[in-house]
Amino acid sequence: MEKRDHRRQSHRHMRGSTLLYGIVLLVAVGALGAALSNTSSRSSFGQLRENQRAQAFYLAQSGINFARTVGGTKLSSLSASGSLAITVGTGKDIALDFTMPTGSTDYLLDSIGTINNGTNGESNFKFSSIPLSAAGLEDDVSGGGPTNDKYDYALFSTKGNTDIGNKAQITGSVYAHNVNCQHCQSDHNNEDGGKFIVTGNIVAMNNVRISSNSTVGGSICVGNNLFTKSGVSIGGDLYAQRNIVIEDSNSEIGGSIFAKRNVYLGQNCIVKGDVHAGGYVFLRDDAKVYGNIYSGNYVKTDKSDSVVGQDGNGLGDINAASYVDLKFGAIIYGNIIAGGYVNTDGTNNPPIVHGDITAGRSIDCYSDNTVVDCSKYVGGDCFPDVHNPPIVAPTAPEPCETKDAPSLNEDFNTGNISITINGYLEEKVIFPGEYASLQSSWNENSVYMSAGTYTFSSIDLGGNTNFYYDLSDGDILVFVDGNIIKNGPLNIYIKTDSLPYTNIKDLSGDDIQYASQVHFEGKTFQTQNGNNSDWFGTILCEGKLEFGSKDYLIGAYFTQSGPVKMNTEFTVIYVLSNYAKEHWY
C-alpha cells in the first residue's frame with residue numbers, strides 16, 4: 001500500500017470554562033469510563049493497567065484545561081520556578097511545567113497526570129509542549145456553544161419542559177431547560193412523520209431529545225445529554241456536558257461534536273467536522289467522520305465500513321487515551337495514536353489504515369480471527385509499546401450560555417369595568433385604558449384595538465374570536481394581572497399605514513415585522529380548546545405557555561418558569577417586540 005503523508009489538523013481556539021473545570025469531574029468521569037472501557041479478553045491485570053492509564057490521561061488533560069483557564073502569566077505568578085504541583089486526591093496528582101521560549105510572548109506547557117502516586121501501581125501520562133497563551137480565560141465564563149443576542153429566541157423558558165410538536169416549524173432559535181419531542185414519533189408510512197424544523201440554534205440547560213427526520217439549522221448546546229432519532233440534520237456544532245447519542249440511522253451533523261463523556265454515532269451517520277469525547281467514541285455500521293476523532297477513552301467501530309477522514313483532505317486521525325478497535329471494512333485516512341492497544345479485525349474485508357499506528361501497547365491485525373501482517377493493511381508504519389505516545393487530548397465542550405428570564409412589568413393598575421362580548425357576530429371597539437376582565441363567547445365576535453396601553457385583570461377568549469389591530473399610530477401593549485386563556489380558534493388581522501386589515505397568514509416580506517408593535521404579558525397563556533389559531537406579537541408570562549395544533553404565530557414567546565407546550569404542526573416566525581427590545585436589554 002502506498003504510504004501517504006498526513007497533516008494534523010490545527011485545533012480551533014475555544015473559550016475556556018471556569019477555573020476548576022475538569023479537575024474533579026474529569027477524574028470521576030475518567031474512572032467511570034475507564035472501568036467500562038475494556039471489553040476485550042485481556043487479563044484482569046491488563047484491564048487494571050488500562051484503567052489506571054486512562055485516569056492518568058484525564059488528570060493530565062485536566063492540568064491543560066486548568067492552565068489554559070488561568071493563563072501563562074498567572075501560572076508564573078503562582079510559581080516563579082516554572083513548576084506547579086496540584087494534588088487532586090489521595091494518590092492523584094498533576095504536575096505542570098511551563099516555559100516561555102526566547103522571543104515568544106506565549107508559553108509551552110508540559111502536563112503530567114499521575115495515579116496511585118508512590119505505589120507499585122503508579123501510572124503516568126504526559127502531554128508535552130502544549131501551546132499556552134499568556135492571557136487566561138477565567139474572565140470569560142459566560143458560556144459557549146451557540147450564542148444569540150440576549151433574548152433573540154422564538155421560544156424561551158428557563159424551567160420545566162419545552163415540548164415541540166410533530167411537524168412544527170420554528171423560524172428562529174430555542175432556549176429551554178429541557179427540549180422534548182415526545183409526541184414526534186416517526187410515522188413509517190409517511191416520510192415526513194415525526195419531523196420538526198428549527199432554523200436557528202437550540203440551547204438547553206438539561207437534555208434535548210430530537211425526533212426522526214427533524215432539522216436544526218444551527219448548533220445545539222446541552223447541559224447534560226443530547227439524543228436524536230434517525231434522519232436528523234443539524235447544520236452546526238454539538239456541545240454536551242454529558243453524552244451525545246445519534247441513534248438509529250442516516251443523520252448528518254454539519255459541524256463538530258464536543259461531549260464531556262461519550263459519543264455514539266448511529267448507522268450511516270455523517271459528521272462533517274471533528275469528534276471530541278472525554279469518554280468513548282463508538283461508530284455503528286457505515287458511520288463517517290470527515291475530520292479527526294479525539295477520545296479520552298476508547299474508539300471502536302461496529303460491523304462494517306465506518307470511515308474516518310476523506311481521501312485527500314489531510315484529516316482522519318484517531319487519538320484515544322485507551323484502545324482502538326476497528327472492525328470489518330473500516331477506513332482510517334489519517335494516523336492512529338492510542339494509549340493502549342490497537343486491533344483491526346475483519347473477515348474478507350479487513351480495516352485499512354492509510355497513516356501510521358502508534359500504540360502504548362500491542363498492535364494486532366486480524367483477518368478471519370487469524371493474526372496477519374499489519375503491513376498489508378497499514379499504509380504507514382506501526383510503532384507498538386511506545387511509552388507515553390503523543391496523544392492529542394479532546395477539546396472539552398464549552399458550557400452553554402446561561403440567561404435569566406426577562407422580568408414582567410408589574411407597574412400597572414387594572415380598572416373596574418369588565419368587557420363581555422356575547423352577542424352573535426358582535427363587534428366591540430376597545431380603547432386604551434384600565435379594565436377588569438375581557439371575555440368573549442363562541443359567537444364569531446370581533447374585537448378592535450388601536451395603538452396604546454391596555455391593562456386587564458384577566459382575558460378569557462372564546463372560539464372564533466377575531467382581533468383587529470390598528471397599528472397605524474404605534475404599538476399595542478397589553479398587561480394582564482391574571483391569566484390569558486384561549487378557548488378556541490382566534491383570527492388576527494392587522495392594519496397599518498400601508499396595509500388594509502389583513503390576516504396575518506397572508507403577510508409576507510417586511511410586513512411580518514409589524515409583529516414588533518404588539519406585546520402581551522400575563523401570569524399564564526393557556527390553550528384549553530381549539531386549534532388553527534393566530535397569534536401576533538410577543539408574549540411574556542410567568543408560568544405555563546401553551547398553543548394548539550396548527551397554530552400560526554408571528555412573534556416571540558417567553559415564560560419565566562414554564563412549561564412550554566407547542567402542539568403538532570404549529571408555526572412560529574420570530575419577531576421580538578419593540579417593548580422587549582427597549583425594556584429587556
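In the predicted model, a salt bridge joins the side chains of Glu 542 and Lys 523, with an N to O distance of 3.3 Å. This pair links distant parts of the chain, 19 residues apart. Glu 542 belongs to the loop between β54 (538-541) and β55 (545-547), and Lys 523 to the loop between β51 (518-522) and β52. Glu 542 has a relative accessible area of 33% and is therefore partly exposed. Lys 523, at 35% relative accessibility, is likewise classed as partly exposed, because that class covers values between the 20% limit for buried residues and the 50% limit for exposed ones.

Across the whole structure, 10 salt bridges are found. One of these brings together the side chains of Lys 272 and Glu 252, at 3.1 Å from N to O. Lys 272 is partly exposed, its relative accessible area being 41%. Glu 252 is also partly exposed, at 31% relative accessibility.

A salt bridge is also present between Lys 403 and Glu 401, where the closest N and O atoms are 3.9 Å apart. Both Lys 403 and Glu 401 are buried.

The protein chain as a whole contains three helices and 59 strands. Of its 585 residues, 58% are buried. The chain exposes about 23,000 Å², and 44% of this area is supplied by carbon and sulfur atoms. Among contacts with a separation of 6 or more, 46% are between residues 24 or more positions apart.

Five of the strands form an open sheet with mixed pairing, in the order β40-β43-β46-β49-β50. The edges of this sheet are β40 (427-430) and β50 (502-503), each of which pairs on one side only. The partner of β50 is β49 (residues 490-495), and the two strands pair in the antiparallel sense over two bridges. Within this pairing, Tyr 493 has Asn 503 of β50 as its bridge partner.

Asn 532 is placed in the loop between β52 (525-527) and β53 (534-536). With 43% relative accessibility, Asn 532 counts as partly exposed. Apart from neighbours within four places in sequence, the residues in contact with Asn 532 are Pro 489, Leu 490, Lys 505, Ser 549, Lys 550 and Asp 551. Leu 490 in this list falls within the residue range of β49. The C-alpha atom of Asn 532 is separated by 7.1 Å from that of Tyr 552, a residue 20 positions away along the chain.

Technical notes:
Residues are numbered from 1 along each chain as its sequence is written. This is a predicted model: local features need pLDDT of at least 70, side-chain atom pairs count only at pLDDT 80 or more; totals for chains, interfaces and linings use all residues. Side-chain values use heavy atoms; hydrogens and water are left out. Helices (H or I, at least four residues) and strands (E, at least two) are DSSP runs, numbered from the N terminus. Buried means under 20% relative accessible area, exposed over 50%, partly exposed in between (1.4 Å probe, protein chains only). Contact means heavy atoms within 4.5 Å. Accessible areas come from the Shrake-Rupley method with a 1.4 Å probe; for residues, only the protein chains shown count as cover. Two strands pair if DSSP finds at least two bridges between them. A salt bridge is a side-chain nitrogen of Lys or Arg within 4 Å of a carboxyl oxygen of Asp or Glu.
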